[in-house]
Amino acid sequence: MERSSVSIFDENYRRVLENIEAAAARSGRRPSDITLLAATKTVDVSVINHAIEKGVKYIGENRVQEFLSKEPYYLPVHKHFIGHLQTNKVKDIVGRVELIHSVDSLHLAKEISRQSQKKNITSNVLIEVNAGGEESKFGFTPENAIEGALEAAELPNIRVCGLMSIPPVCAAPGENAKFFELLYKLFIDIKAQYKDNSNIDTLSMGMSDDYVSAIECGANMVRIGTALFGRRQTPVGK
Ligand SMILES: *Cc1c(COP(=O)(O)O)cnc(C)c1O
């Protein structure tokens, strides 16, 4: 284990927790209302396990192969999948994670439903919204998100738990607030339109550069990589 990455983590973790606490207070919530998910792509299992020992309770991986190779070595932790998921890899993920954040099409939702039925389990998912309408990003448009969520929720063995978004990379802090506000509005609308809205409890938005703003706009789950583990060495394909 590299001593440096571990001490970098300790310092960063403290700062991130302080920022979450302050942002939660500004939005009238308690720190415990906000779930910190460590985005662990490219991070060594030894460092991830150190983070878990220090108190990280949720981790999210992006790539199926990387997840499958690291998963057997994680200390006990809540495991989520946060990256783009190809339908042919759904069978490898279903049943292995507690929440799939990245349901970006009805086609994918159907395959998750099918694989979940085969395994006789219910999969928890979030509907990914392409809030900035970027062509390079996956997800439902803000206009289609509610309908998509309602349709996905009708499928057997799927539980829709809320929304996830990766807004555009912004030049200035606070610039993404308009997208976060839009997402929060959709989250409230979806809750209102669900027959049984008790499952809809997660709004996953905010990353290293913008999690404070996301929390202030209503996020209750933030996915943080760089601000915890430092700059990634290996570039990650999208
Ligand atoms: C990598 C990643 C994150 C974390 O990004 P950072 O900017 O490093 O905090 C969050 N969500 C998803 C889907 C990611 O792929």
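Which residues does Glu61 touch, not counting residues up to four places away in sequence?

## Glu61 and strand S2

Glu61 touches Thr40, Lys41, Ile48, Glu66, Phe67, Lys70, Tyr74, His80, Phe81, Ile82 and Gly83, where a contact means heavy atoms within 4.5 Å. Glu61 lies in strand S2, residues 58-61. Strands (E, at least two residues) and helices (H or I, at least four) are DSSP runs, numbered from the N terminus. Glu61 is buried, with a relative accessible area of 0%; buried means under 20% relative accessible area, with a 1.4 Å probe and protein chains only.

## Basis of the model

This is a predicted model, in which local features need pLDDT of at least 70 and side-chain atom pairs count only at pLDDT 80 or more, while totals for chains, interfaces and linings use all residues. Residues are numbered from 1 along each chain as its sequence is written, and side-chain values use heavy atoms, with hydrogens and water left out.

## Ligand site

The ligand is surrounded by 13 residues, the closest being Lys41, Asn62, Ser208, Gly225 and Thr226; a residue counts if one of its heavy atoms lies within 4 Å. By class, this shell has 6 nonpolar, 4 polar and 3 charged residues. Here Ala, Val, Leu, Ile, Met, Phe, Trp, Tyr, Cys and Pro count as nonpolar, Asp, Glu, Lys and Arg as charged, and the others, Gly among them, as polar.

Polar contacts are pairs of N or O atoms within 3.5 Å. The side chain of Lys41 places an N or O atom 2.7 Å from a ligand oxygen. A ligand nitrogen is 2.8 Å from an N or O atom in the side chain of Arg223, and a ligand oxygen is 2.8 Å from a polar backbone atom of Gly225. Taken alone, the ligand exposes 390 Å², of which the protein buries 93%; these areas come from the Shrake-Rupley method with a 1.4 Å probe.

## Nonpolar cores

A nonpolar core is a set of buried Ala, Val, Leu, Ile, Met, Phe, Trp, Tyr and Cys residues joined through side-chain atoms within 4.5 Å. The largest has 64 residues, and Ile112, Val160, Leu163 and Leu228 have the most contacts inside it. Helix H7 (residues 177-193) gives the largest share of this core, 7 residues. Apart from it lies another core of 5 residues, among them Leu99, Leu126, Met164 and Ile166.

Leu228 touches Ile8, Phe9, Asn12, Tyr13, Val16, Leu36 and Ala38, leaving aside residues up to four places away in sequence.

## Helix H2

Helix H2 (residues 45-54) is mostly covered, with 7 of its 10 residues buried. These are Val45, Val47, Ile48, Asn49, His50, Ala51 and Ile52. Just after H2, Gly55 takes a positive phi of about 130°.

Key:
Buried < 20%, exposed > 50% of the residue type's maximum accessible area, 1.4 Å probe, protein only. Polar contact = N/O pair within 3.5 Å; in protein donor to acceptor, adjacent residues only side chain to side chain.
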